[in-house]
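Welcome, and thanks for opening your viewer. Let's take a short tour, one selection at a time.

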Amino acid sequence: MSRTVVVDPITRIEGHLRIEAETDAEGRITQASSAGTMVRGIEIILRGRDPRDAWAFAQRICGVCTLVHGIASVRAVEDALKYEVPANAQLIRNLMTGAQYIHDHVMHFYHLHALDWVDVVSALKADPKATSELAQTVSPSYPRSSPGYFADVQKKVKGFVEGGQLGIFANGYWGHPAYKLPPEANLMAVAHYLDALAWQRDVAKLHTIFGGKNPHPNFLVGGVPCAISIHPEQEGKGRGPHHRGGEGATSLNIVGLANVQNIIKQMREFVDQVYVPDTLAIAGFYKDWSTQGEGVGNFMTYGDFPEKGISDPSSYLIPSGAILNRDLSVIHPVDLHAENEIEEFVSHSWYDYSVGKDKGLHPYKGETTLHYTGPKPPYENLDTAKDYSWLKSPRWKGKAMEVGPLARVLMMYAKGHAQTKELVDMTLSKLDLPVTALYSTLGRTAARTLETKIIADAMQGWYDQLIANIKAGDVRTFNETKWDPSTWPAVAKGAGFMEAPRGALAHWIVIKDGKIDNYQAVVPSTWNAGPRDPQGQDGPYEAALKGHKLHDPKQPIEILRTIHSFDPCIACAVHVTDPDGEELVKVKIK
Amino acid sequence: MSEHETLEQRLSEQGVSRRAFLKFCAALATMMALPPSSASAIAAALSQAKRPSVIWLSFQECTGCTESLTRSHSPTLESLIFDMISLDYHHTLQAASGHAAEQARDDAMKAFYGKYLLLVDGSIPLKDGGVYSTIAGRTNLDMLEEAAKGAAAIVAVGSCAAFGGLPNAQPNPTGAVAVSDIIKDKPIVNISGCPPIPAVITGVLAHYLTFGELPALDELGRPKAFYGETIHDRCYRRPFYDQGKFAKTFDDEGARNGWCLYELGCKGPTTHNACATTKWNGGAGFPIEAGHGCIGCSEPKFWDAGSFYTPLSAPAADVASISQAAAVAGAGAALALSATDRAKRQQVQQSREKLTLEDLKGN
């Protein structure tokens, strides 16, 4: 008997996501439909406003991957105005984005994804001494591994369970046979869940030092807002006549910089001593997940982390490109501005197009008219043969593309990035898995861990460069030349892109007479979570779920594992609305 | 473990001494700006508490408020959810999904009817029957009204739930409104901010758990303990405002010497929040310290109050004349001015206090 399994809300994600899955008599998923069920309309709200303000609005697209939309936004304005930012500002943006990756990926692993693999209740059966031995084997250098420590954590969980108030752990699928970890591994993971909570609080301070707070640190078109309040003596110049004290007057002072160094160290230690070893240890018990959950087999990156400024792609740590059908030997160039490359479709979305619902439109010509045709709430099921999501379906040259950590690691691997190659090969050999294991739920989760290490290591280099610049007397953080809107052309258009933790992200802006005339964003979770297109091609989530066998349709943990492996961010994915349905301005860039 | 075990017992089992517990209570009292004597009242209340049920509903939001909560240094999120409350429904943190998640909410609403605390983040879209945001096939309005019925009190976390926030910004495409626009028969506390300061969220919860009632609120429903004064009045750069020393751009000498950001658009003078005192992320800083003016994120309609970089225009005459005088006469004269012209400054202050962001609309 076939049936429809509905999971709504999908929890432990950002935003509002619903999955409807058709299963056959064996409980195997034959078709899955991914629906975003919340929309706000931020681009419409942005129209008519000061482009220099846009980053703050756009940043509120998401508070989990906080800052990524802020960066994409200031880059879009800077691209439109041909506005260069000082070297220090670029380094600080790299450091802030890098910190976001590390913070976000670790929290995703421990606080959002882990409970798909870790049975909290089973941890009660663990022997703290054996857990300590396991922990010291998995990660010999991590200090929080004594039997007493694990006994304390166990006591905490015990109080929770026996007191009958499970709180956030209530109604989990505890005891489900899909949980494979021994009690000791479960206890170790629960302890690290708590450790990671404490750790993330401290490392978030990096954003506070540069951006004043986290979540939602501040940004600035033309640079970064935080002036450096260190006044180095310049060779032969002394302190200069303008120096009037104020040493240490901003958070970017010597104490702040020392704190940043300390945070980078804390980040690298946690990634090296806890996150990477835990990923490998847990993966060893779930090797059956290395052959399912792949998705579409096409991968795309826009590239990011420039060493020499955004206009020089050769200096990016993460390169740009597209990989089709797992073929790593050919990297296709991706052009954000070419109208025949990136298109968005609405054939299964709650929008209308004046050109017809089966046509695709490049974001420059993007046209969006909210038109809800779904069932009147409250409803049991969506009509997935028709429109079923507030997400559009972005396609690159007509193909569904996966973006995110797996795409980035594959891109770096394909381009021969030495550290990536070394890490991927080490992981595969430790788990005794073939390279094809990357194309899976397990591979996606592992890729996220590996790229975290790559970026954590790169942070030190950006920090060292920033210090070297300050030492050499360069304390510039902002370029004032184009700040005043009276210096802008009457019309300017630009695209700002970045690699957000969840994947390739771009914003397009049209500026007219100093105001925003049009604003468009195509974001990672739209690429991954979008619905089917007019050709009936699944989005990556939908494709990835196909073939999953549900052990118990009432406890669809298999769906959660694969969906969480993408780290959904649905508030990001759904945000493009234009109730007026106007034809948006056609834009050509460069 | 007994059903009636108290917080103190639980802490003691975890090796937390009575002395440490009392210290924690004293810290809470300080944070909530309560007299030191109330520490013992807090200790007494928390010693008896079984973890009260908290249901957290997320509507049109970005999850920044939840992320902020996880950054709380005191009390930490761990101590909050393990020792102080039972967080029975929270999309981002709860293990259960789908039907099991909805069941957890139903169970908590039944078991603690009339007693649970309802937290809400995000605005609620009312346009077109609420189709712009649904959970488990139900509109946000439907879910809010149902959960509000059995709630002892409601906490609107963040500017979207408190005042409508970003979704409510012009032209408000989805008809987004605040919790207090819908629920009229329950006590509601607004913890505004985009996001709110984490210690403010946990502090309000601690106050409620301790005294069984919401803290004293201002006319906008915000706890006076945190929103009683403006950022400007508590800002460490305030002396430079008084001296007429302003940063003119973001990395000039003034910016690097920590001068006032008023002329770069700082909304500190009209924004009520505790950023300048409580600071962010364990005291690592706050926006003005990191060189960007306050954007006014804890005030209603701040998204529609003009550019973040346009200086507050009122009390324009007074401040402009002060800063002009400073510019003409130089820093020394400005110092003298600030020292002598107290009456004028007072006048500026008075007119500023009357100023709301509503007044600034269209500037």
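Start by selecting A:Trp508: its bridge partner is A:Gln520, in β14(A). This is a predicted model, in which local features need pLDDT of at least 70, side-chain atom pairs count only at pLDDT 80 or more, and totals for chains, interfaces and linings use all residues. Residues are numbered from 1 along each chain as its sequence is written, with chains lettered from A and ligands numbered from 1 in the order in which they are written.

Widen the view to the open sheet of 3 strands, ordered β12-β13-β14 (chain A) with antiparallel pairing. Its edges are β12 (491-500) and β14 (515-522) of chain A, each pairing on one side only. From one strand to the next, the twist averages 15 degrees.

Next, pick residues 68-81 of chain A: this is helix α3, which packs on the sheet and touches β12 and β13 of chain A. Contact here means C-beta atoms, placed from the backbone, within 7 Å. The direction of α3(A) makes about 145 degrees with that of β12(A); axes are lines fitted to C-alpha atoms, for helices over the stretch in contact, and angles between N-to-C directions run from 0 to 180 degrees.

Finally, colour by chain. The contact takes 93 residues from chain A and 82 from chain B. On the chain B side, α1 (7-13) and α6 (98-111) are among the elements that each supply at least two residues.

Conventions:
Two residues are in contact if their C-beta atoms, placed from the backbone, lie within 7 Å. Helices (H or I, at least four residues) and strands (E, at least two) are DSSP runs, numbered from the N terminus. Two strands pair if DSSP finds at least two bridges between them.
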